[in-house]
Amino acid sequence: MRVDDLILPFAVSTMGDAPTQPAIVLPGGPCRGPEYLAGLAGLGEDRALVVLHPRGTPRSGGLSRGWWTDASDVVALADALDLDTVDIVGHSAGTRLALATAAQHPDRVRSLALLTPPASWLTGTVSDAEALAATFADPAAREAFAALQTDDPQTESEFTEAFLREAPATYAHWTEVERSHAEVGTMSLAAALAWFTDIPDAAADRIRSTPLPPTLVVGGDRDLLTGLQPVRDYAAVLGADVRFIDDCGHYPWIEQPAAFRRILAEWLTTRG
């Protein structure tokens with residue numbers, strides 16, 4: 001089945017041509033154009049991947065109904081692909097959508113791979129990112145981390161400026177590779193705000209109390225967006241396996257592509 005032939009209220013694209021049942025990829029941002037996934041280091045050659053472009057991303061348009069409600073879009077895509085159960089790969093904000101899907105539709109999710117997840121919202125763990133930031137030698141990273149604590153954009157232009165100003169804090173290093181990647185995949189303030197609307201007060205409790213399928217959490221050991229201890233506690237709460245990639249920030253397929261692909265290919269190919 002060609003994904004271009006699917007009739008859905010959101011856009012879909014593919015990565016790679018592995019002759020396997022596809023896994024569904026949920027990008028982060030929130031609602032960032034999935035181009036920033038940059039092929040996930042060639043992972044689609046190991047396992048076929050179908051990328052759901054959430055409502056509010058450029059190709060899908062509109063606005064999210066909130067990450068809890070948008071879980072129905074993941075199920076709609078699985079139905080369109082004629083998949084009874086799916087393996088889900090979620091990045092950053094997309095990990096919330098992955099967990100919302102597993103909590104509300106546990107019979108439809110076979111496994112979860114949660115990449116560099118924001119974690120404190122689920123665990124209450126105080127972030128250790130400030131202590132981690134102090135170990136960065138590059139002043140650009142420390143300045144960007146400070147901006148993360150104080151920026152409060154109120155307009156679309158301020159939102160874009162803040163995103164680029166904060167970008168050095170999202171990588172272990174700030175070379176031309178990372179600078180170029182930071183400019184890929186557009187976002188909007190309106191879409192990001194909509195992502196967090198109408199979330200049930202009990203959403204986190206429901207996720208924590210749901211028996212999850214086999215789950216892998218992948219963190220970067222230099223990720224100032226997530227910190228380290230919150231990710232460890234998040235994995236423990238979810239009963240997940242956890243792997244940290246060395247010398248890596250929030251986008252492991254950019255900074256450590258070989259290690260990233262090895263970990264994810266091993267996880268996904270055993271389930272395809």
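Me: Is Asp82 buried or exposed?
Reply: In this predicted model, Asp82 is exposed, because its relative accessible area is 65% and the cut-off for exposed is over 50%.

Me: Where is Asp82 found?
Reply: Asp82 belongs to the loop between α1, residues 71-80, and β4, residues 86-91.

Me: What is the phi of Asp82?
Reply: Its phi is positive, about 60°, although Asp82 is not a glycine. As background, most residues other than glycine have a negative phi.

Me: Which residue other than glycine has a positive phi near 50°?
Reply: Ala38 has that value. Ala38 is placed in the loop between β2 and β3.

Me: How does Ala38 count in terms of accessibility?
Reply: Ala38 counts as partly exposed, because its relative accessibility is 46% and this class lies between the cut-offs of 20% and 50%.

Me: What about Pro30, where is it found?
Reply: Pro30 is also in the loop between β2, residues 23-26, and β3.

Me: Is the peptide bond from Gly29 to Pro30 cis or trans?
Reply: The bond from Gly29 to Pro30 is cis, and its omega is near 0°. In general, most peptide bonds are trans.

Me: Changing topic: where is the place of His53?
Reply: His53 lies in strand β3, which covers residues 49-53.

Me: Is His53 buried or exposed?
Reply: His53 is buried, because its relative accessible area is 3%, and buried means under 20%.

Me: Which side chain does His53 join in a polar contact?
Reply: The side chain of His53 makes a polar contact of 2.9 Å with the side chain of Ser13.

Me: Which residues does His53 touch, not counting those up to four places away in sequence?
Reply: His53 touches Phe10, Ala11, Val12, Ser13, Pro34, Arg59 and Ser60.

Me: Now the whole protein: how many helices and strands are there?
Reply: The protein has 12 helices and 7 strands. Its radius of gyration is 17 Å, close to the 19 Å that the globule rule gives for 272 residues, so the protein is as compact as a globular protein of that length.

Me: What share of the residues counts as buried?
Reply: Of the 272 residues, 54% count as buried. The protein exposes about 11,300 Å², and carbon and sulfur atoms supply 51% of that area.

Me: How many positive and negative side chains are there?
Reply: There are 20 positive and 37 negative side chains, and the centres of the two sets lie 4 Å apart.

Definitions and conventions: Residues numbered from 1 in each chain as written. Predicted model: local features only at pLDDT ≥ 70, side-chain atom pairs only at ≥ 80, totals over all residues. Heavy atoms only, no water. Helix = DSSP H or I, 4+ residues; strand = E, 2+ residues; numbered from the N terminus. Rg over C-alpha atoms; globule rule 2.2 N^0.38 Å. Buried < 20%, exposed > 50% of the residue type's maximum accessible area, 1.4 Å probe, protein only. Areas by Shrake-Rupley, 256 points an atom, 1.4 Å probe, with all protein chains shown as cover. Lys, Arg positive; Asp, Glu negative; His and termini not counted. Charge placed at Lys NZ, Arg CZ, Asp CG, Glu CD. Polar contact = N/O pair within 3.5 Å; in protein donor to acceptor, adjacent residues only side chain to side chain. Contact = heavy atoms within 4.5 Å.
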